[in-house]
Amino acid sequence: MLEIEIDGKQTQVPAGSTIMDAAQLVGAYIPHFCYHKKLSISANCRMCLVQVEKAPKPLPACATPVTNGMKVFTHSELAVNAQKGVMEFLLINHPLDCPICDQGGECQLQDLAVGYGGSEARYREDKRVVFQKNVGPLISMQEMSRCIHCTRCVRFGQEIAGVMELGMANRNMHSEIQTFVGRTVDSELSGNMIDLCPVGALTSKPFRYKARSWELSRRKSVSPHDSLGTNLYVQVKNNRVMRVLPRENEDVNECWISDRDRFSYEALNCSDRLLKPMVRVDGSLREVDWSVALDYVAHGLKDVARTHGGNAIASLASPSSTLEELYLLQKLTRGLGSGCVDFRPRRRDFATDAKMVGAPWLGLRLSEIKELDAAVVVGSVLRKDHPLFAQRLRQLARKSGKVSLISVTGDDPLINLNARITVAPSQLPFALAAVVKAVAALKGIETLDELENVQPDAASVSIAESLLADGKKAVFLGNLAEQHPSASTIHVLANELGRLSGAVVGFIGEGANCVGGHLAGALPSSGNAYDMFVEPRKAYILLGVEPELDCHNPGMASAALKQASLVVMLTPFKSQAMLDTADVLLPVAAFTETSGTFVSAEGRIQSVAGVCQTPGDARPAWKVLRVLGNLLDFGGFDQESSEAVRNEIVGNPGEFAGGLDNSVAGVSVRLEAAQMDLQRISDVPIYFADSLVRRANSLQETRDSVSPTARVSAGTLKSLGIADSSLTRVVQSSGETVLSIAVDNAVPFGCVQISAAHASTSMLGDMFGAIKMESA
Amino acid sequence: MLTTESLQRIDREIEKYPADQKQSAVMAALAIAQEERGWLSNETIEFVANYLGMAPIAAYEVASFYSMYDLNPVGKYKLTVCTNLPCMLSGGVDAAEYLKAKLGIGFNETTVDGKFTLKEGECMGACGDAPVMLVSNRRMCSCMGPEQIDRLLAELE
């Protein structure tokens with residue numbers, strides 16, 4: 001520890017700390033622009049100059065390491081003069097356009113100029129003009145003359161997002177922040193550059209000129225998009241969500257949020273909102289009062305249960321529903337005598353259900369990821385499924401942790417990988433088995449009998465070695481591993497790998513309530529999310545799902561809904577498919593409009609309040625379900641608040657949920673290679689993943705939202721005999737369609753990658769399995 | 001995009017650095033590419049960036065920072081005149097003006113016959129020999145008064 005005195009205050013800091021770190025410890029504020037605690041030090045804005053005893057000139061606080069006995073003065077005459085001098089230079093070329101600048105009111109330069117700037121400029125010459133750039137639908141670079149070249153955005157790309165998309169071209173007074181030849185910024189974390197920009201050079205395109213920062217009220221919320229439980233500030237003006245910003249929580253999202261979390265709010269204000277309950281009368285949907293609609297639903301469900309038995313009713317919820325909604329939905333369904341309730345619409349293999357010891361979870365806390373020495377991710381399109389989780393692994397890999405990936409898609413995770421295995425979906429269990437076998441062989445111990453014939457290759461040995469090194473290790477199962485037709489085998493193999501190597505096993509988790517759904521008991525005792533469509537039911541209750549996009553086999557789900565006599569949808573949005581199939585549409589609150597709880601992958605229980613009112617007649621879904629329960633005369637639907645519902649499920653909760661365990665008993669490994677000439681790989685594109693992002697206009701204009709193509713390697717194309725064709729007809733079990741071919745040699749041989757969750761591919765069939773491709 | 005010979009030269013440069021720091025060779029690689037192609041088009045820069053496993057914008061930062069990289073086509077000979085202070089005080093600006101009049105072009109322009117391009121340069125570290133000129137990045141010419149310039153132009157055929 002080193003002694004340091006700042007402005008007369010003594011403190012101790014660890015060796016290697018900078019004056020800036022020490023100043024933050026004692027609470028002394030040093031003005032700065034380029035310094036950011038999460039980014040590397042560049043010391044190019046010079047705003048943080050301070051006086052150091054015995055130093056002949058002012059030193060930048062962000063880049064000066066503390067030495068023992070150092071005395072620092074942050075507000076001495078020398079320091080303040082230096083800071084004022086730097087400010088004068090920064091303002092030379094900065095336009096005086098604060099009144100029309102989107103950053104006005106929340107601008108670091110504006111704030112500091114008040115403290116350190118002169119009231120009049122001495123510089124009379126022309127200011128420099130920097131032309132605007134178009135970098136896509138999310139970030140506006142319309143007024144680049146405002147840039148003060150702090151390079152935070154550049155360093156963010158290099159260090160946090162993992163891809164350098166912005167750079168500083170040219171030299172000295174000609175320097176400009178730009179992309180390479182006018183390309184777009186496509187990173188899934190790009191929106192953070194807007195927050196990082198200390199001036200109004202990078203601003204939010206969707207938010208531009210919509211509101212002033214002081215007109216907005218900041219309200220706390222949690223992101224419903226992925227299993228991380230990202231903390232948000234939702235900013236509201238006139239009962240309308242205007243903007244979403246990160247709420248710093250070092251243990252969860254640090255100070256970042258993904259673009260999906262940031263821009264999905266646009267969907268809340270879209271024209272697709274369902275505003276009134278609707279009931280199908282004589283073949284067409286009519287708007288009715290809540291009492292009429294709820295009566296209709298209660299009677300309808302009771303009728304179906306009476307005439308066809310309780311199990312003729314099936315309930316399916318989106319994994320981004322709140323804990324309270326999932327709990328009341330399963331309670332209602334069970335009250336009707338049905339055990340057919342689920343919240344995992346994209347899952348295919350349910351063999352581990354009821355065989356699990358506890359609720360599946362991440363296996364460790366998010367904050368422990370940085371302490372890992374090795375991590376293996378199985379079956380995940382990391383960046384697109386879990387942008388911020390991927391970011392944590394990226395930082396781990398930068399810091400010498402070994403990260404390996406076993407997956408079926410060739411996407412670049414922008415992580416410095418220790419090893420990578422990319423195989424066809426049907427081979428994924430074998431690839432994992434090979435690593436298990438390699439670990440067993442290296443340790444010289446026995447493993448599962450079923451792995452007798454598995455032969456590890458060099459890559460699996462390399463992964464095995466990384467897992468056998470000393471320290472903390474983890475095996476993470478991604479969304480693809482959960483959606484896989486052999487998900488239970490993958491789960492058991494991962495547990496075996498954990499047992500042999502001492503690694504923690506965890507699920508990254510699909511959906512904001514991937515753990516919460518299990519705690520809420522929204523699990524089937526008869527008829528899971530797939531079977532409820534294989535054997536069509538008489539009545540369906542759907543909560544926040546769009547089956548034609550969200551289910552493992554959308555075509556099958558749609559067909560089952562068509563034949564049902566009663567389809568009740570609780571949904572914030574309406575779509576053509578809903579208007580065609582639903583018998584009752586009940587408008588419910590969307591994200592930000594309802595109070596509720598999310599239990600994230602790490603088991604963190606986060607309850608949020610509704611931050612604005614629901615539009616039209618929409619009501620929070622937990623209230624709708626509660627009233628339905630009462631109308632049906634079921635007991636236990638008398639909760640006064642969502643907190644009361646929550647306390648019924650998890651007691652009066654602490655920070656983390658209990659009962660989390662990934663162990664599974666009595667499920668055997670089944671390694672059977674299905675023979676397929678060509679098999680489908682389905683990814684769920686980041687901006688098609690749930691009903692909210694699908695309606696966020698700006699996100700829909702990004703490169704990640706282009707219509708699905710048939711991604712296939714040149715080798716596979718050649719073996720199929722498809723040449724000189726830009727279009728292909730793909731035929732799968734339930735249907736066929738014509739897609740354009742995108743040659744991508746990273747896709748494994750014998751596979752074609754066709755994204756799910758999009759209307760253009762929903763007729764095809766299961767997310768994985770045999771598929772045919774022919775010239776169109 | 002580049003000839004095998006150029007690629008071999010770039011590989012030689014890459015070998016000078018640790019295997020995981022290929023991008024350290026970016027300046028040399030861009031210079032080699034420019035030597036072969038005459039100038040650095042965006043495509044050339046992107047090719048070099050991909051070859052070194054770095055982001056294209058990172059290579060562009062380098063290419064646009066240093067004035068000896070040409071981001072636009074240049075003539076057969078590129079004449080770079082130093083106009084920094086010591087040269088300026090010793091006739092650097094006059095040398096530039098003389099060249100402009102003689103060739104009928106301004107800075108950053110190329111003669112109609114495609115032979116000469118005139119550039120304004122930064123200090124070349126030979127202020128004692130001012131005014132200083134550089135021919136096609138490789139040949140340094142000292143004390144460039146009008147006579148010496150005439151001789152040089154006659155020589156460059």
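This is a predicted model: local features need pLDDT of at least 70, side-chain atom pairs count only at pLDDT 80 or more; totals for chains, interfaces and linings use all residues.
**Strand S1 of chain B**

Six of the six residues of strand S1(B), which spans residues 77-82, are buried, so the strand is largely enclosed by the rest of the structure. In a regular strand the side chains alternate between the two faces of the sheet. Here both faces are covered, with Tyr77(B), Leu79(B) and Val81(B) buried on one side and Lys78(B), Thr80(B) and Cys82(B) buried on the other. S1(B) pairs with strand S3(B), residues 116-121, in the parallel sense over six bridges, and with strand S4(B), residues 133-135, in the antiparallel sense over three bridges.

| Residue | Bridge partner | Strand of the partner |
|---|---|---|
| Leu79(B) | Leu118(B) | S3(B) |
| Thr80(B) | Leu134(B) | S4(B) |
| Ser315(A) | Ile541(A) | S23(A) |

**Helices H2 and H3 of chain A**

The axes of helix H2(A), residues 77-92, and helix H3(A), residues 108-116, come within 10 Å and cross at roughly 130°. An angle of that value makes H2(A) oblique to H3(A), and H2(A) passes H3(A) in a left-handed crossing. On the side of H2(A), the contact is made by Gln83(A), Lys84(A), Met87(A), Leu90(A) and Leu91(A), while H3(A) contributes Leu109(A), Leu112(A), Ala113(A), Gly115(A) and Tyr116(A). The residues of this contact divide into seven nonpolar, two polar and one charged.

**The open sheet of chain A**

Seven strands of chain A form an open sheet with mixed pairing, in the order S15-S14-S25-S24-S23-S16-S17. Its edge strands are S15(A), residues 284-287, and S17(A), residues 341-342, each of which pairs on one side only. Within the sheet, strand S16(A), residues 313-317, runs parallel to strand S23(A), residues 539-543, and five bridges join the two.

Two helices can be described against these strands. Helix H20(A), residues 621-631, packs on the sheet, where it touches S23(A), S24(A) and S25(A), and its direction makes about 145° with that of S24(A). Helix H7(A), residues 290-308, lies across S14(A), S16(A), S23(A), S24(A) and S25(A), running at about 130° to S25(A).

How values were computed. Residues are numbered from 1 along each chain as its sequence is written. Chains are lettered from A and ligands numbered from 1 in the order in which they are written. Side-chain values use heavy atoms; hydrogens and water are left out. Buried means under 20% relative accessible area, exposed over 50%, partly exposed in between (1.4 Å probe, protein chains only). Helices (H or I, at least four residues) and strands (E, at least two) are DSSP runs, numbered from the N terminus. Two strands pair if DSSP finds at least two bridges between them. Axes are lines fitted to C-alpha atoms, for helices over the stretch in contact, and angles run from 0 to 180 degrees between N-to-C directions. Angles under 35 degrees count as roughly parallel, over 145 as roughly antiparallel, 65 to 115 as roughly perpendicular and the rest as oblique. A crossing is left-handed if the near helix is turned anticlockwise from the far one by less than a right angle, and right-handed if clockwise. Contact means heavy atoms within 4.5 Å. Ala, Val, Leu, Ile, Met, Phe, Trp, Tyr, Cys and Pro count as nonpolar, Asp, Glu, Lys and Arg as charged, and the others, Gly among them, as polar.
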